[in-house]
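Here is a friendly walk through one chain, from its overall layout down to single residues. Keep the structure open beside you as you read.

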Amino acid sequence: MGIMGEEAEGWMQELLEVFSVLVDRTSKPAALLEECDLLAINMNNRYQNINFDKFKPVMLAALRSLLPQRWSTIHETAWEWL
């Protein structure tokens, strides 16, 4: 099944499952770093090829959904630079 027109790869689904936790942890840098480290270790052990360019449109859609009151075109532009 596709996500936003992209093939739903295992790593993408796994990242989407924890994405709301990562967004929630942005106000606590140490907790965010720990979550990212754990996710990176897990994904590195499980997946050979990860194409994060495919994830970008999915990430932006998830952020719009998770932060509906705060999200703006300024945020969209800033995240597109990543």
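From the N terminus on, the elements of the chain run β-β-α-α-α-α, which gives four helices and two strands. Helices here are DSSP runs of H or I with at least four residues, strands are E runs of at least two, and both are numbered from the N terminus. This is a predicted model, in which local features need pLDDT of at least 70 and side-chain atom pairs count only at pLDDT 80 or more, while totals for chains, interfaces and linings use all residues. Residues are numbered from 1 along each chain as its sequence is written, and side-chain values use heavy atoms, with hydrogens and water left out.

**The chain as a whole**

Of the 82 residues, 24% count as buried. Buried means under 20% relative accessible area, exposed means over 50%, and partly exposed lies in between, with a 1.4 Å probe and protein chains only. The chain exposes about 5900 Å², and carbon and sulfur atoms supply 56% of that area. These areas come from the Shrake-Rupley method with a 1.4 Å probe, and for residues only the protein chains shown count as cover. Contact means heavy atoms within 4.5 Å. Among the contacts with a separation of 6 or more, 58% are between residues 24 or more positions apart.

**How the helices pack**

Axes are lines fitted to C-alpha atoms, for helices over the stretch in contact, and angles run from 0 to 180 degrees between N-to-C directions.

| Pair | Angle | Axis distance |
|---|---|---|
| Helix 1 (residues 10-24) and helix 2 (residues 29-46) | about 170° | 11 Å |
| Helix 1 (residues 10-24) and helix 3 | roughly 35° | within 11 Å |
| Helix 3 (residues 52-66) and helix 4 (residues 73-80) | about 150° | 11 Å |

Angles under 35 degrees count as roughly parallel, over 145 as roughly antiparallel, 65 to 115 as roughly perpendicular and the rest as oblique. Helix 1 and helix 2 are therefore roughly antiparallel to each other. In this pair, Trp11, Glu14, Leu15, Val18, Val21 and Leu22 of helix 1 meet Leu32, Glu35, Cys36, Leu39, Asn42, Met43 and Arg46 of helix 2. By class, that contact has nine nonpolar, one polar and three charged residues. For these classes, Ala, Val, Leu, Ile, Met, Phe, Trp, Tyr, Cys and Pro are nonpolar, Asp, Glu, Lys and Arg are charged, and the others, Gly among them, are polar.

Helix 1 passes helix 3 in a right-handed crossing. A crossing is right-handed if the near helix is turned clockwise from the far one by less than a right angle, and left-handed if anticlockwise. Helix 1 brings Trp11, Met12, Leu15, Leu16, Phe19, Ser20 and Val23 to this contact, and helix 3 brings Phe52, Lys54, Phe55, Val58, Met59, Ala62, Leu63 and Leu66. These residues divide into 13 nonpolar, one polar and one charged.

Helix 3 and helix 4 are roughly antiparallel to each other, and their crossing is right-handed. On the helix 3 side, Lys56, Met59, Leu60, Leu63 and Arg64 meet Glu76, Trp79 and Glu80 of helix 4. Here the classes are four nonpolar, no polar and four charged.

Is Glu14 buried or exposed? Glu14 sits in helix 1 and is buried, with a relative accessible area of 10%. Not counting residues up to four places away in sequence, Glu14 touches Leu39, Asn42, Met43, Arg46 and Tyr47.

In helix 4 you will find Glu76, which counts as buried at 15% relative accessibility. Beyond residues up to four places away in sequence, Glu76 touches Leu60, Arg64 and Trp71. Trp79, also placed in helix 4, is partly exposed at 30% relative accessible area. Leaving aside neighbours within four places in sequence, Trp79 is in contact with Lys56, Met59, Leu60, Leu63 and Trp71. Trp79 and Leu60 are 19 residues apart in sequence and 7.6 Å apart in space, C-alpha to C-alpha.

Ala61 belongs to helix 3 and is buried, with a relative accessible area of 18%. From C-alpha to C-alpha, Ala61 and Glu76 are 9.7 Å apart in space and 15 residues apart in sequence. Finally, Asp24 of helix 1 is partly exposed at 47% relative accessibility.
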